[in-house]
Amino acid sequence: LQSLRSNCKLPVRVYTEDDITIPEVVSLHDVPGWKGFVQDSRHIEPQNYLFDAQRFSHKVYAQLDAFESRHRYVVWLDADVVVKKKFGQKFIKDLLDGEMCAFLGRQNSYTETGFIAFDTHHPDFPEFKERYRNWYDLRYIYMLPYWIDCLAFDASKHGLSQRNLTPDASGMMDVFVRSPLADYMEHDKGMRKHRRPNEPE
């Protein structure tokens, strides 16, 4: 969070299910639909993380709530994304390049959703938002091969305006370093989480 506060020129909103009192925080308990989905999925014992629908519902409901803000550009960052360089609205607008969303795609795999940018004023956005919500509000997520937000996002943007920032990436490679985001942020996943033991989150 500290790196985001220092480098993001856009309004910051943090979503959590924990009891944290800082100015940017929104409780997921106050987000419409989230609590009902969590309660309905508690009886399901996931085989592994790919079938942990409850875990990945948090970020989707957070995004859906953020879409209802009055901001044209909405950017999602996972909590383990470290921001290294200042960015603002122009940077996000350039990434979108007139499209409805910009994302980090990977051939032969699902999208890396640690970063997604949206233009909520784009004509395709209402269709995307409805599809995205239906995967969870209507429990359609259980119809997908894996019950994760990445597949819900990929299915929701299918056939709509979009910009893949990493068209040559494939598999499970680190797409952040291969994208226009490389100088601005990195995703501290796996062993990379342990590289900054003294840096506040």
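Tutor: Helices α3 and α5 cross in a left-handed sense, where left-handed means that the near helix is turned anticlockwise from the far one by less than a right angle, and right-handed that it is turned clockwise. This is a predicted model, in which local features need pLDDT of at least 70 and side-chain atom pairs count only at pLDDT 80 or more, while totals for chains, interfaces and linings use all residues. Residues are numbered from 1 along each chain as its sequence is written, and side-chain values use heavy atoms, with hydrogens and water left out.

Helix α3 spans residues 53–67, and its axis lies 10 Å from that of α5, at an angle of about 150°; axes are lines fitted to C-alpha atoms, for helices over the stretch in contact, and angles run from 0 to 180 degrees between N-to-C directions. Helices are DSSP runs of H or I with at least four residues, and strands are runs of E with at least two, numbered from the N terminus. On the α3 side, the contact (heavy atoms within 4.5 Å) is made by Ala53, Phe56, Ser57, Val60, Tyr61, Gln63, Leu64 and Phe67, which meet Phe125, Phe128, Lys129, Tyr132, Arg133, Tyr136 and Asp137 of α5. These residues divide into ten nonpolar, two polar and three charged, with Ala, Val, Leu, Ile, Met, Phe, Trp, Tyr, Cys and Pro counted as nonpolar, Asp, Glu, Lys and Arg as charged, and the others, Gly among them, as polar.

Helix α5 (residues 125–137) also packs against α6 (residues 149–157), their axes coming within 8 Å and crossing at roughly 145°, and this crossing is right-handed. Here α5 contributes Phe128, Arg131, Tyr132, Trp135 and Tyr136, while α6 contributes Asp149, Ala152, Phe153, Ala155, Ser156 and Lys157; this contact has seven nonpolar, one polar and three charged residues.

Leaving aside residues up to four places away in sequence, Ser69 touches Arg13 and Val74.

As for the whole, the protein has six helices and eight strands, and 47% of its 201 residues count as buried. Of the contacts with a separation of 6 or more, 69% join residues 24 or more positions apart.

Key:
Buried < 20%, exposed > 50% of the residue type's maximum accessible area, 1.4 Å probe, protein only.
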